[in-house]
Amino acid sequence: MRVGEKGDRGVVQSVVLFLGVSVLSGALAAGLAIPFAGLAGFTTEKTSDTLQDLPQQFDEVPLKQKSTILAADGSVIATLAEQNRVPVKLKDVAPIMQKAIVAIEDDRFYEHGALDAKGTLRALLQNQSSGSVQQGGSSITQQYVKVSLVEKAKTPAELAAATADTYQRKIAELRYAIAVEKQYSKNEILEKYLNLANFGDGAWGIQAAAQHYFSVNASQLTLPQAAMLAGLVKNPTGYDPTNDAKRAKDRRDVVLRRMLQLNVISVAQANSALKTPVIDPAKVRPNKLGCGNGPYPFYCEYVVSELENNPAFGKTKTDRANYIKTAGLTIRTSLDPKIQADAQRSIDTHSKPTDQAVAAITIVEPGTGLVKAMAQSRNYGSKRGQTAYNYNAPKTYPGGYGGFQNGSTMKAFTIAAAIQKGIPLNYKINSPSPLDMGGMKYSTCDGPRKIPDGYSPKNSTSNVPDPTMIQAAQKSTNTYFLQLSLRVGLCPIAKLAGDLGMYNAQNLQPLEQVASMTLGVDYVTPLQLSNAYAAFAARGMYCTPWLITSVKDSANKSVSVPGANCKQVLAPEVADGVNAVLHQVMEPNGTGGKLKFGKSDLAGKTGTINDAKAVWYAGYSTKLAAAATVADASLPYTKLQNQTLNGKKINDPSGSGTAGPIWEAAMKAALQGYPTTRFVAPSSVVQRGNVKDLPFVNGMNPEDAANKLRQAGFEVAIASGTVNSEETAGTVAYTDPRQRDGAPEGSLVTIYVSNGSKQVKPGKPTNTTKPPSTPTTLNPNCPPTNPKYPNCGGRGHG
């Protein structure tokens, strides 16, 4: 606003007169209660209204304080802030700093009240003669009020009112300043001002400024340092020494000369300080705010997303985001820097940021859900070989990539559901390759469905014709697990997997119940998969992923945040059975046999999706669980073969050979220092089931024996060829399992025919019965060639 207009000049003249009279009359001490009826011009009524409406008490603005995210060991992950500020008490500010700010900003601060009448009258007269606002004349108390009002402003209109160059604002600030002087001592006001002031280059408050420019605390500031900081507050950008060192030095020297003039310092002190460089660039600490400037940006962003979803921090997401950046919180997380370094080292050893394929791994702690590490091959950023996506996280926040199809790692949930239903580990199913499953029915949570004609899945590895559950897991036999899932039903598998935190990480919907479900058709993340497998390691105790272990406010008081959230999803004996099966996967005959290390029991499962667009290895001990993946993360997704990984072309992508080494190296390093641990052996019932007596059929005609066994509730296969036996040639020599051992109802019994001598070796069994059409099938939209459902005709192996 121009003050040269008639009305404005009337205001100025009246205010000058008023201030002079007020100083003499003591009216200022009474709170500016005198009405401004005599002020001329159009602003008179507005000014009077402003004075009458202003409260007699000044509500202190809460300081915007930076929040800090810490790792489990207390090291800093990131600083979140709108303003980089660390409040301190005045006793923790060097006395020379206090003297410097008073000398340059308000040298009579301890002598006058809210208004320095002498300075204000001088400024008003100078502004009147020049026709514009040339001098401030504000006391430190008035400056504190002004900065506070700016901080309080929540809308553009409020901000404009708090910074307008008008006498109405000046008078309003003065009214507030009087209230402040009544409420607080001079030292309290100075403390508040020093903590609130902007010192440039992202440093708010004296402590943050001392640390930023000089790498010292406010209590350690020297004379030249204090003079530089005191000079900054008039123009934080213009006098910023990181922008213009010469201009900053000139301003600092003005402060030093003013301190000398006021006899605050001696001539010798002034001369020494004037010769000191304004800053040492080597000691300037960058204000690295936000997750992107921290050592673990992807993990950090996931933590922030969890905080922003917590109603304890505000009603809306916007409120929460603002609170988190301004409340001075100390947020401790589950990240273990040592295990994180182990995971990242493994990623860096086996991949490069510029590879076509991406690699990622998450490590969690069974029994707590603590997320110990998240590592990936592409760094945080927008340059080549960088990304803003977290490949370990679901799409629950903008940075979550949303995972990849998980292939045969899904078979672990079929195993668990089967054991839960009472199917034992020695359960055999004839598993030819290919297997025509067209026309078979299957059950889902929404009712029965039918597999379309033409669905003939294959096995990618060879196995015995009638594998047990353990043998099928060791070789990742697709046709075994497809049939097993039909017999269990897809609804129990889907519900169990859902209870273990498995859902589609792209659309956040439940897993799709198609007949190829056990081959891993949904998109999941390493975080989900490692945490689900951790429940097996914890004997069925599932814990939701736990990243934020505690939050304290600026007063060091605890803020309520969710703690460990664990529940028993599987009976311990069921989990013991899963562990026994997946443990054998890491024995010499298993697809993960080459990944075994150390003395502790390990369990794991490979996964490869159709066309090997993604490969997985997920595994665990009782102490840590991890899931590693290598995948194509660039549309359109293509097979990994001939893509680059670690700068080399991938020849034969597989869960064990491509993702497995990443898992092995990370877990081997992470488990160092942990004690040797063992899985609990499964019970006899889990291993063998509720065994039913087998009818005695030795010496019978094979077909008659087969009928007798079927009537008793068993499936039957007659082995080709003959075996050495004392039974009459052409009759039943024995069965597998043997009559004396019994077998679970519904399991496969193989008949071996005697040759009456001891010369002929057993042949391969020939299945005389077609695999039963048990409820469970492929989605009707899932023909073998439909790319929407990889694994429909697919690999789904390790």
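This is a predicted model: local features need pLDDT of at least 70, side-chain atom pairs count only at pLDDT 80 or more; totals for chains, interfaces and linings use all residues.
Q: Let's start with strands. Which way do the side chains of β4 point, and are they buried or exposed?

A: Happy to begin there. In a regular strand the side chains alternate between the two faces of the sheet. In strand β4 (residues 357-364), A357, A359, I361 and I363 point one way, while V358, A360, T362 and V364 point the other way. All of these residues are buried. Eight of the eight residues of β4 are buried, so the strand is largely enclosed by the rest of the structure.

Q: Which strands pair with β4, and in what sense?

A: Strands of a sheet pair through backbone hydrogen bonds, either parallel or antiparallel. Here β4 pairs with strand β18 (residues 625-632) in the antiparallel sense, over eight bridges. To find your place in that pairing, look at A360, which stands opposite T629 in β18. Strand β5 (residues 371-376) also runs antiparallel to β4, and five bridges join the two. There, I363 has A373 as its bridge partner.

Q: How many residues lie between the strands in the hairpin of β4 and β5, and which residue there takes a positive phi?

A: Six residues lie between the strands, and G367 takes a positive phi near 85°. You can find another glycine with a positive phi just after helix α19: G501, at about 80°.

Q: What is the strand order in the open sheet of five strands?

A: The order is β2-β1-β3-β13-β14, and the pairing is mixed. The edge strands are β2 (76-80) and β14 (558-559), each of which pairs on one side only. Within this sheet, β1 and β2 run antiparallel and are joined by four bridges. I69 stands opposite A78 in β2, a handy landmark.

Q: Now helices. Which residues of α19 are buried, and what covers them?

A: An α-helix has 3.6 residues a turn, so residues three or four places apart point the same way. In helix α19 (residues 490-499), the buried residues are L490, C491, I493, A494, L496 and A497. Their cover includes α16 (411-421), β9 (441-444) and α18 (478-488).

Q: Where does helix α22 bend, and what covers its buried residues?

A: Helix α22 (residues 655-670) bends by about 35° at P661. Its buried residues include G660 and I662, along with W663 and M667.

Q: How many aromatic pairs does the structure hold, and how are the rings of F58 and Y144 arranged?

A: The structure holds 20 aromatic pairs. F58 and Y144 form an edge-to-face pair, 6.1 Å centre to centre with 70° between the planes. F58 lies in the loop between α2 (44-53) and β1 (67-70) and Y144 in helix α5 (residues 140-152), so the pair ties together parts that are 86 residues apart in sequence. F58 is buried at 1% relative accessibility, and Y144 is buried at 2%. For a cluster, look at F413, Y533, F536, Y620 and F679, which ring pairs link together.

Q: Where do the charged ends of K192 and R738 sit?

A: The charged end of K192 sits over the ring of Y184, 4.5 Å from its centre. For R738, the charged end sits over the ring of Y734, 3.9 Å from its centre.

Conventions
Residues are numbered from 1 along each chain as its sequence is written. Side-chain values use heavy atoms; hydrogens and water are left out. Buried means under 20% relative accessible area, exposed over 50%, partly exposed in between (1.4 Å probe, protein chains only). Contact means heavy atoms within 4.5 Å. Two strands pair if DSSP finds at least two bridges between them. The bend at a residue is the angle between axes fitted to the seven residues ending there and the seven starting there. Rings of Phe, Tyr and Trp (its six-membered ring) pair if their centres lie within 6.5 Å; planes under 30 degrees apart count as stacked, over 60 as edge-to-face and the rest as tilted. A charge sits over a ring if NZ of Lys or CZ of Arg is within 6 Å of the ring centre and within 35 degrees of the ring normal.
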